Amino acid sequence: MPELSGWEAAGLVSRLTFYLALIFTVGGTYAQWLIADSSRRFRQRNLLYTLLGTVLGFHAVAVYFLVQVGGVNQSGMSGMFDWSLISFYLQLPVGDATVLRLSGFLLLLAGQLAALVHISRLDRPPRHRFDNTLVIYNTAGLALVIFSLRMTGHMATQPLASQLGLILHVSAMSLWLGALFPLWMMTREFGSESLHTGLLRFSRIAVVIVAILIAAGGVMVWQLFASLDQVFTSPYGRALLIKLLLVLLLLSLAGLNKWYLSPKVLQSGGAVKLRRSIGGEMLAGLLILVVTAWLSTVTGPGEH
């Protein structure tokens with residue numbers, strides 16, 4: 001394991017925070033559609049979850065950009081605010097990506113705040129049109145953030161198919177991991193019948209999410225490695241294998257939830273068991289994000 005400089009460690013933390021923010025915002029938006037029949041209080045909590053993602057995301061993007069500037073300047077903390085170097089970086093792809101991400105998170109921030117104000121003025125749950133409008137609005141903001149992923153990193157020099165694979169892979173992973181916390185909240189606040197209905201809605205699309213996740217990930221791995229040996233002999237490949245093992249753990253927990261625990265939520269104590277398993281999924285997901293941040297920040301394929 002390489003020794004990290006202060007700038008590299010700061011970049012790693014800000015990149016991990018960015019991934020968490022993306023998961024919160026994508027998952028919260030998906031949950032807004034998933035729980036359209038829920039109470040006003042639950043909608044408010046889900047909006048706060050999404051709002052937290054927008055705040056984290058905006059700051060993570062800004063800090064990561066400034067850390068890159070400071071790392072090149074090598075003149076201490078003040079080097080992050082060298083305007084001549086900032087102006088130069090803004091003309092590069094990393095600058096374009098940063099502007100898109102900041103714009104996307106600002107749009108999402110404004111949307112969640114407006115939605116929270118609107119709900120607070122109602123004396124009943126909002127209508128379905130409110131949920132549909134918010135989901136469409138959030139999708140537009142998220143499109144700016146997710147599209148920017150193809151502009152930087154290891155995939156920036158790869159063919160368009162690989163870049164689209166990255167977008168699909170990140171979107172599917174964010175949907176899956178981001179929906180876990182709302183589902184966890186549902187096990188605490190929903191009755192058994194409502195919980196069972198929500199789980200059925202989630203499980204119908206979960207299979208599609210997993211299929212996209214695996215297919216898109218396979219395309220990216222195929223493009224990043226010149227040979228299968230590199231997967232086992234390079235630092236990037238070994239870190240990727242750790243990530244794959246964690247994904248297998250996550251898939252195992254998801255299978256346990258779908259085929260064993262979810263059907264039992266109508267029974268006494270079923271929701272508690274499911275909540276514990278979802279907690280395990282969230283922990284495995286966090287570890288996956290840590291490894292992903294390492295892969296995208298500290299190490300990379302040999303030719304990159």
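What volume does the largest pocket have? About 1,100 Å³. By pocket I mean an open set of points on a 1 Å grid over the protein atoms alone, with protein on both sides within 12 Å along at least five of seven lines. The volume is the space filled by probe spheres set on those points, with grid points joined across faces, edges and corners.

Quick housekeeping, then. This is a predicted model, where local features need pLDDT of at least 70 and side-chain atom pairs count only at pLDDT 80 or more, while totals for chains, interfaces and linings use all residues. Residues are numbered from 1 along each chain as its sequence is written, and side-chain values use heavy atoms, with hydrogens and water left out.

Okay, the fold. We've got 10 helices and zero strands in the protein chain; helices here are DSSP runs of H or I with at least four residues, strands are E runs of at least two, and numbering starts at the N terminus. The radius of gyration is 20 Å, close to the 19 Å that the globule rule gives for 304 residues, so the chain is as compact as a globular protein of that length. That radius is taken over C-alpha atoms, and the rule is 2.2 Å times the number of residues to the power 0.38. Along the principal axes, the C-alpha atoms fill a box of roughly 55 × 45 × 35 Å. As for burial, 47% of the 304 residues count as buried, meaning under 20% relative accessible area with a 1.4 Å probe, protein chains only.

Back to that largest pocket. Its lining has 48 residues, and Leu166, Met220, Tyr236, Lys243 and Thr292 lie nearest the centre; a lining residue has an atom within 4 Å of a point. Helices that each supply at least two lining residues include H1 (6-34), H2 (40-73) and H4 (93-120). H9 gives the largest share, eight residues. Nonpolar is Ala, Val, Leu, Ile, Met, Phe, Trp, Tyr, Cys and Pro, charged is Asp, Glu, Lys and Arg, and the others, Gly among them, are polar.

Now the second largest pocket, at about 420 Å³. Here 22 residues do the lining, with Phe202, Ser203, Ala206, Ala254 and Lys258 nearest the centre. H6, H7, H9 and H10 each put in at least two, and H7 gives the most, with eight. This lining comes out as 15 nonpolar, five polar and two charged.

That's my bit, over to you.

Key:
On a 1 Å grid over the protein atoms alone, a cavity is a set of points where a 1.4 Å probe fits but cannot get out, and a pocket is an open set with protein on both sides within 12 Å along at least five of seven lines; lining residues have an atom within 4 Å of a point. Buried means under 20% relative accessible area, exposed over 50%, partly exposed in between (1.4 Å probe, protein chains only).
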